[in-house]
Amino acid sequence: MKWITRLFTRKGEKMAQVKNYSEKDVAFITEQYTKSPTRETVEMLAEKLGKNTRSIIAKLSREGVYV
């Protein structure tokens, strides 16, 4: 990945981060999952947000709420 960064950035510049989840999305998924921490909730969130279940689980884990 470093070689791609070097192709598109000048030395010393930082590349912009692309966010997969907005703050609103994060609040929504954590609230919904906290209310009902089930696999069905994860699947519903994935469908609603157009993500796969592994992505939702990973985000919930990073937020410290996935059980």
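Student: What do the buried residues of helix 4 pack against?
Tutor: Helix 2 (23-35) and helix 3. This is a predicted model, where local features need pLDDT of at least 70, side-chain atom pairs count only at pLDDT 80 or more, and totals for chains, interfaces and linings use all residues. Residues are numbered from 1 along each chain as its sequence is written, and side-chain values use heavy atoms, with hydrogens and water left out. Helices are DSSP runs of H or I, at least four residues, numbered from the N terminus.

Student: Which residues of helix 4 are buried?
Tutor: In helix 4 (residues 53-62), Ile56, Ile57, Lys59 and Leu60. Buried means under 20% relative accessible area and exposed over 50%, with partly exposed in between (1.4 Å probe, protein chains only).

Student: And where do they sit around the axis?
Tutor: They fall within an arc of 165°, so they line one face of helix 4. That arc is taken from the directions from the helix axis to the C-beta atoms. On the face turned away from the buried side are the exposed residues Arg54 and Arg62.

Student: Switching to valine 42, is that buried or exposed?
Tutor: Buried, because its relative accessibility is 1%. Valine 42 belongs to helix 3 (residues 39-49).

Student: Which residues does valine 42 contact, leaving aside neighbours within four places in sequence?
Tutor: Tyr33, Thr53, Ile56, Ile57 and Leu60. Contact means heavy atoms within 4.5 Å.

Student: What about threonine 41, buried or exposed?
Tutor: Threonine 41 is buried too, at 9% relative accessibility. Beyond residues up to four places away in sequence, threonine 41 touches Gln32, Tyr33 and Ser36.

Key
Helix = DSSP H or I, 4+ residues; strand = E, 2+ residues; numbered from the N terminus.
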